[in-house]
Amino acid sequence: MAVGQEITGAELNEKFQALDMPAVYSPAECDRMAEMIVEIEALKKEHNAAILAHNYQRPEIYQVADFIGDSLELAKRGRDLEEDIIVFCGVHFMAESAKILAPEKTVLLPDMRAGCSLADSVDPDSLVERRDELKKVYPDLVVAAYVNTTAAVKAVVDVCVTSSNAVKVVEGLDSDHILFVPDEHLASYVQKETSKTIISWDGNCYVHHQITPENILSVKEGIPNLKVLVHPECRSDVVDLADAVLSTSGMVRYAKESEADEFLIVTECGLSDKLILEVPEKKFYKACKLCQYMKMITLEATLESLRTMRHEIELDEDVRAAAEKSLLRMFELS
Ligand code: SF4
């Protein structure tokens, strides 16, 4: 996807026309971005660095990314990279996951303010307290954490899950009682798919939580063949309207492989932008909200990160090793 030195401001401008955001992608702004892209590509070579970008990033970040994907794909890709330095264009917990799986590499996050409301909704002390209370009632209790959690939380749970493998991992656990943290909506989706008892945490992603059934129905009206693709972090009354409930990368695959031509993408807006650019022959409608944390990662911050080698993700080795165990257990079960 990276285009490096060849891209010009005019080419960028032409490419971003499809996004219909003239105020953001004006010719002058595209010229400025093209200059930064050239410098970023040169610094990547100089420092032996690679850029990993999440599916929710800005379109101009895709231009400098060596790989674009969901959080787990990125962490796995980071582990297998030949480069010594990973600039992680995503949010903090994702950069931590990359560091957990590739401790020998330098992992940089361009802006340390790029957090996550969902990851912030659970901390290790409250989780251990709740787990210990519940174990008195359910001695077989297992704690499963969505990958959208801090390394410190991953370090105190039994297993991690992603939005695409959560049901399979839960089914594979040797327990009938699962404390599932932190996303209440993903927990409720998993509960519908399993006979096990899912005990949910009181957390959610503020982005997906804002999307309502009305947002979907108002677009769907009048487009009979529209396929509605919904992320399982959405509320259950929104999930109920889906033709398919998918992770971000699952949505990309589905849209490319499906015979349908028109889709409503119900997740963070960056994914619809990605699909508009990547699959121009199909039509994508949006019922989406912006994640302020994802959008904190800009070309300027990425360039500065490569110039100054900031901000490095550092983890205590005990925490890292314990968190890695929970991720590896997930790989075994999925
Ligand atoms: S979209 Fe939601 S889960 Fe993803 S980083 Fe933003 S707040 Fe966190």
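**Reading the model feature by feature**

Modeller: Sorted by residue type, the shell around the ligand divides into 9 nonpolar, 2 polar and 1 charged. Here Ala, Val, Leu, Ile, Met, Phe, Trp, Tyr, Cys and Pro count as nonpolar, Asp, Glu, Lys and Arg as charged, and the others, Gly among them, as polar. This is a predicted model, in which local features need pLDDT of at least 70 and side-chain atom pairs count only at pLDDT 80 or more, while totals for chains, interfaces and linings use all residues. Residues are numbered from 1 along each chain as its sequence is written.

Biologist: Which residues surround the ligand?

Modeller: A residue is near a molecule if its C-beta atom, placed from the backbone, lies within 6 Å of it. The residues around the ligand are Val-91, Cys-116, Ser-117, Leu-118, Asn-148, Cys-205, Tyr-206, Val-207, Glu-268, Cys-291, Tyr-293 and Met-294.

Biologist: Into which domains is the chain divided?

Modeller: Domain bounds come from an automatic or database domain assignment. In this chain they give domain 1 (4-115 + 294-308), domain 2 (119-204) and domain 3 (211-286). Taken over C-alpha atoms, the centres of domain 1 and domain 3 are separated by 25 Å. Their contact takes 12 residues from domain 1 and 11 residues from domain 3, where contact means C-beta atoms, placed from the backbone, within 7 Å. On the side of domain 1 that touches domain 3, the residues divide into 6 nonpolar, 3 polar and 3 charged.

Biologist: How many residues has the largest nonpolar core?

Modeller: In soluble globular proteins, nonpolar side chains tend to be buried together. A residue is buried if 20 or more other C-beta atoms, placed from the backbone, lie within 10 Å of its own, exposed if 12 or fewer, and partly exposed in between. A nonpolar core is a set of buried Ala, Val, Leu, Ile, Met, Phe, Trp, Tyr and Cys residues joined through C-beta atoms within 7 Å. The largest one here has 104 residues, and those with the most contacts inside it are Leu-52, Phe-88, Ala-98, Ala-144, Ile-265 and Val-266. Helix H5 (residues 92-101) gives the most to this core, with 6 residues. Helices (H or I, at least four residues) and strands (E, at least two) are DSSP runs, numbered from the N terminus.

Biologist: With which residues is Ile-265 in contact?

Modeller: Beyond its neighbours within four places in sequence, Ile-265 is in contact with Leu-229, Met-251, Leu-271, Ser-272, Leu-275, Phe-284, Lys-286 and Cys-288. Among these, Leu-271, Ser-272 and Leu-275 are buried residues of helix H14 (residues 269-278). The buried residues of H14 pack against helix H3 (59-64), helix H13 (248-257), strand S11 (262-266) and strand S12 (283-286).

Biologist: In what order do the strands of the open sheet lie?

Modeller: Two strands pair if DSSP finds at least two bridges between them. The open sheet has 4 strands in the order S10-S9-S11-S12, with parallel pairing. Strand S10 (244-245) and S12 are the edge strands, each pairing on one side only. Strand S9 (residues 227-230) runs parallel to S11 and is joined to it by 4 bridges; Val-230 stands opposite Val-266 in S11.

Biologist: Why is strand S7 described as largely enclosed?

Modeller: Strand S7 (residues 177-181) is largely enclosed by the rest of the structure because 4 of its 5 residues are buried. It is joined by 4 bridges to strand S5 (residues 142-146), running parallel, and by 4 bridges to strand S8 (residues 197-200), also running parallel. Ala-145 has Val-181 in S7 as its bridge partner, and Leu-179 stands opposite Ile-199 in S8.

Biologist: What kind of peptide bond joins Val-181 and Pro-182?

Modeller: That bond is cis, with omega about -10°. Pro-182 is found in the loop between S7 and helix H9 (184-193).

Biologist: Is Asn-48 buried or exposed?

Modeller: Asn-48 counts as exposed because it has 11 C-beta neighbours inside 10 Å. Asn-48 lies in the loop between helix H2 (27-47) and strand S1 (49-54), and its phi is positive, about 55°, although it is not a glycine. By contrast, Ser-71 counts as buried, with 28 C-beta neighbours inside 10 Å. Ser-71 lies in helix H4 (residues 71-80).

Key: Contact = placed C-beta atoms within 7 Å.
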